[in-house]
Amino acid sequence: MKIILFFSFLSVSIAGIAQNTWSDNVAQIVYDKCSQCHHTGGVGPFPLMTYAQTSPMASAIQAAISSNAMPPWPPNNNFQQYSHDRSLSTAEKSALLDWIATGTPEGVAANTPPPPVYSGGVLLGAGDLEVQIPTYMSKALANGDDYACFAMPSGLTQDRVIRAVEIIPGNREIVHHALIYIDPSGNSLTDTIGGDCGAPNSADAKLVMGYTPGSSPLTLPAANPLKLGMTMLANSQIYFAMHYPAGSYGEYDSTRVIFHFYPPGETGIREVITEPVLQKWNMVIPPNQMTPVSAQYPPGTTGLPVDISILSVFPHMHLLGKTIKAFAIQPNLDTLKLIDIPSWDFHWQDFYFFKNIQKAEQGSILKATGTYDNTATNPNNPSSPPVTVYAGLNTTDEMFLVYAHYMLYQAGDETYNLDSLMNLSTNSIMEASQSESLFSVYPNPFSNGVNIYSPKLKSGDVLSIYIYDMQGKIVRKLMQNSAITANEFLIEWDGNSDSGENVESGLYYMSINRNGEFSNHRMVKQ
């Protein structure tokens, strides 16, 4: 889950009155924007969790920030605003570059904020359906990546409606990205032979979600006034398109995906459709030149037959991609901006959910434009010398697609804040999966303190409440064999350990013994 923090930074004067230091502000920026990949066991090539780990990498960090290569956030934020933005703000970038320019001072080590915890655990719980690929050994040598695809049976015996999806990498050090499709036809095939499988062979397979390091589970709004879902038909296949980076040869992975469904018979759910709304399959990309390409929907001049509400976009190209932009021309000729990626990077792609739902009016024409760089100067060109490339499913072929989550428009859709509604849905799933309904935990996620409440206990009940971290280490004993004196119970955990230290960001368990009956709740410390 993304943590959004706001900082104010002081400029460094010539006299050195104020200075950016690791402990005062730089550490928190690195935690928030870098550590999701750059931690021990993460996909980043080196950890950036401590001053000792980060300061020697100053030159590499400076180059990555100055070139906008890191943190990986391809969209142009001046074009549109999205949920879960990983980009550095101007102030954050200035603080990091200034810190490097002034010699990477540490500041007072004791003031360094606690780093986040990366346990590799499941955030949303067991869910209703879990599908896992067989254990697979990466074939990615030092000079090339490995792209493998797995078609797995769902075992689903009746149609169900998805409300949330969580992808759990089996080996976070080598899973660069995972794309999850649902194929109702069951015609998709596993392909782990050539190392270049980029997509399903079945045209019926629909992309549902993608994983990249640092991404969050997909949780659709699931309560009034906005209840959304995606139908999975019985006997569908779950298709994994996996990317393992160069140098990961010999490492093993067994990624899984967990689906959370609405209860059978749930009413009032609006169907979300996931489709490549813009696509082009008759491409010819000659060698040794830049080639423009475009697509539109509908193909004529009449425009969309109905109003639609667009939740997200997922642009997709392969290794020759250079730029891609998607937008809509509304009937009044206004431009509805969807996404602009001025420097395409095949290794960093995702569903980008809008902060607010975007309305495309009836009569609008959806458009996408892009360019391909099939020259010898393109470092990602898989062919040397360059050769003519056509549209296809393998990574050495090319694609031009823009997927979207969308639905039929209803009045007021454009006023909904997806950031807020998806976070509420995440919290409700976490609470619903708890084993004991007598207790509620709020706010969750929390920053400064979390309340543990029940109005249904009995005077004389004996409680023990312990807080554990993801590794099973005890953090805090809130109560131990204590008898309560009232039916209504409320206690607060201030986020401190038994030693009085503020605990790190991450996932924690509240374990409860009530009169010999055990239960637990998950809590997220931001």
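Cys149 and Cys197 form a disulfide in which the sulfur atoms are 2.1 Å apart. The pair links distant parts of the chain, with Cys149 in strand β3 (residues 146–153) and Cys197 in the loop between β5 (177–183) and β6 (206–211). The two cysteines are 48 residues apart. The model is predicted, and it holds 1 disulfide. A disulfide is a covalent bond between the sulfur atoms of two cysteines. The torsion about the S-S bond of Cys149 and Cys197 is about -105°, and the disulfide is therefore left-handed. Both Cys149 and Cys197 are buried. Another cysteine, Cys34, has a relative accessibility of 19%. Because buried means under 20% relative accessible area, Cys34 also counts as buried.

Salt bridges were examined next. Side chains of opposite charge can pair when their charged atoms come close. A search of the whole structure finds 7 salt bridges. One of them joins the side chains of Glu92 and Lys33, with an N to O distance of 2.9 Å. This pair links distant parts of the chain, since Glu92 belongs to helix α4 (residues 90–101) and Lys33 to helix α1 (residues 22–33), 59 residues apart. Glu92 and Lys33 are both buried.

A salt bridge is also formed by Glu130 and Arg256, whose closest N and O atoms are 3.4 Å apart. Here too the pair links distant parts of the chain: Glu130 is in strand β1 (residues 129–132) and Arg256 in strand β12 (residues 256–261), 126 residues apart. Glu130 counts as partly exposed, at 41% relative accessibility. Arg256 is likewise partly exposed, with a relative accessible area of 22%.

In the salt bridge between Asp498 and Arg476, the closest N and O atoms are 3.6 Å apart. Asp498 lies in the loop between β28 (489–493) and β29 (506–514), whereas Arg476 lies in strand β27 (residues 474–483), so the pair ties together parts that are 22 residues apart in sequence. Asp498 has a relative accessibility of 47% and counts as partly exposed. Arg476 and Asp498 are linked with Asp494 in a network of salt bridges.

Part of the chain is arranged as an open sheet of 4 strands, in the order β16-β21-β18-β19, with antiparallel pairing. Strands β16 (290–297) and β19 (335–341) stand at the edges; each has a single partner strand, so one side of each is left without a neighbour in the sheet. Direction ignored, neighbouring strands of this sheet are turned by 15° against each other on average. Strands of a sheet pair through backbone hydrogen bonds, either parallel or antiparallel. Strand β18 (residues 321–329) runs antiparallel to β21 and is joined to β21 by 8 bridges. Within this pairing, Thr323 has Thr371 in β21 as its bridge partner.

The loop between β21 (365–373) and β22 (389–390) contains Asn378. At 8% relative accessibility, Asn378 counts as buried. A polar atom of the Asn378 side chain lies 2.8 Å from the backbone oxygen of Asp373. Not counting residues up to four places away in sequence, Asn378 touches Leu319, Leu320 and Asp373.

Key
Residues numbered from 1 in each chain as written. Predicted model: local features only at pLDDT ≥ 70, side-chain atom pairs only at ≥ 80, totals over all residues. Heavy atoms only, no water. Disulfide = S-S within 2.5 Å. Buried < 20%, exposed > 50% of the residue type's maximum accessible area, 1.4 Å probe, protein only. Salt bridge = Lys/Arg side-chain N within 4 Å of Asp/Glu carboxyl O. Polar contact = N/O pair within 3.5 Å; in protein donor to acceptor, adjacent residues only side chain to side chain. Contact = heavy atoms within 4.5 Å. Pairing = 2+ DSSP bridges. Axes fitted to C-alpha atoms, helices over the stretch in contact; angles between N-to-C directions.
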